[in-house]
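Colleague: I have a model open and want to learn how to read its contacts. Can we go through it together?

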Amino acid sequence: MRALIVEDHPVLAAQLKAAVADAGFVADCASGGEEALFLGETEAYDVVILDLGLPEVDGLSILTRWRATGRAMPVLILTARDGWSDKVAGLNAGADDYLTKPFNLPELIARLRALVRRAHGHAQPVITLGAVGIDTTTQQVTLAGAPVRLTALEYRLLAYLALRSGAVVSKTELTEHLYAQDFDRDSNTLEVIIARLRKKLGEGRIETLRGQGYRLSR
Ligand code: CA
């Protein structure tokens, strides 16, 4: 899962990046409105944390532009503006959630997870696919009830395929949702991770559809 953090306060941005990384997300950060607009229009994110008071372009205008151009990723507004009319304006501009500063990191993370889950049509925090269980709140994976140890990247890949279970996910889509913008992407790396996951979870769970991508059976 990949998040965009739009926050002009450098210390808070770094804290948010670390917290979402602990939660199993990889994140890009934008400190100005122009950069945020550009990233949100060109990159694939599973969720966005959006500050409202920003240099160049304010958060509400960014959100309005994204929605007008068909960008549908879940957006949580994180701001010090705590008036009810600010919340109404944010939600009416297309935000999916609204949290006011000061806030608690566990609450923010829980809200982000709920947004990602719902965006993919899952109500349950634990995704069960045959003998494989993926707890998206603890990032614990089990096979027939026994814990399976995965690296952060392996977990991200499996969790993304699980959220999209039953669908064919192209290599391009996987790559876009697994790696941060500054990461050196390499399609071979993806194949290596899939091979390691198959070794840990058993052959046949992750199907390869030649020329199309991968599918995790329901
Ligand atoms: Ca700000």
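Colleague: Which side chain meets Glu-43 in a salt bridge?

Modeller: First, the ground rules. This is a predicted model: local features need pLDDT of at least 70, side-chain atom pairs count only at pLDDT 80 or more, and totals for chains, interfaces and linings use all residues. Residues are numbered from 1 along each chain as its sequence is written, and side-chain values use heavy atoms, with hydrogens and water left out. A salt bridge puts a side-chain nitrogen of Lys or Arg within 4 Å of a carboxyl oxygen of Asp or Glu. Here Glu-43 meets Arg-2 at 3.0 Å, N to O. Glu-43 lies in the loop between helix 2 (33-42) and strand 3 and Arg-2 in strand 1, so the pair ties together parts 41 residues apart in sequence. Helices (H or I, at least four residues) and strands (E, at least two) are DSSP runs, numbered from the N terminus.

Colleague: Are Glu-43 and Arg-2 buried or exposed?

Modeller: Buried means under 20% relative accessible area, exposed over 50%, partly exposed in between (1.4 Å probe, protein chains only). Both Glu-43 and Arg-2 are buried. They also join Asp-28 in a network of salt bridges.

Colleague: Which residues coordinate the calcium ion?

Modeller: Donors are N, O and S atoms within 2.8 Å of the metal (3.2 Å for Na, K and Ca); water is not among the atoms, so sites may look incomplete. Here the donors are Asp-8 (OD), Asp-51 (OD) and Gly-53 (O), at 2.2 to 2.4 Å. Asp-51 is buried at 5% relative accessibility.

Colleague: Which salt bridge does Asp-51 make?

Modeller: Its side chain meets that of Lys-101 at 3.3 Å, N to O.
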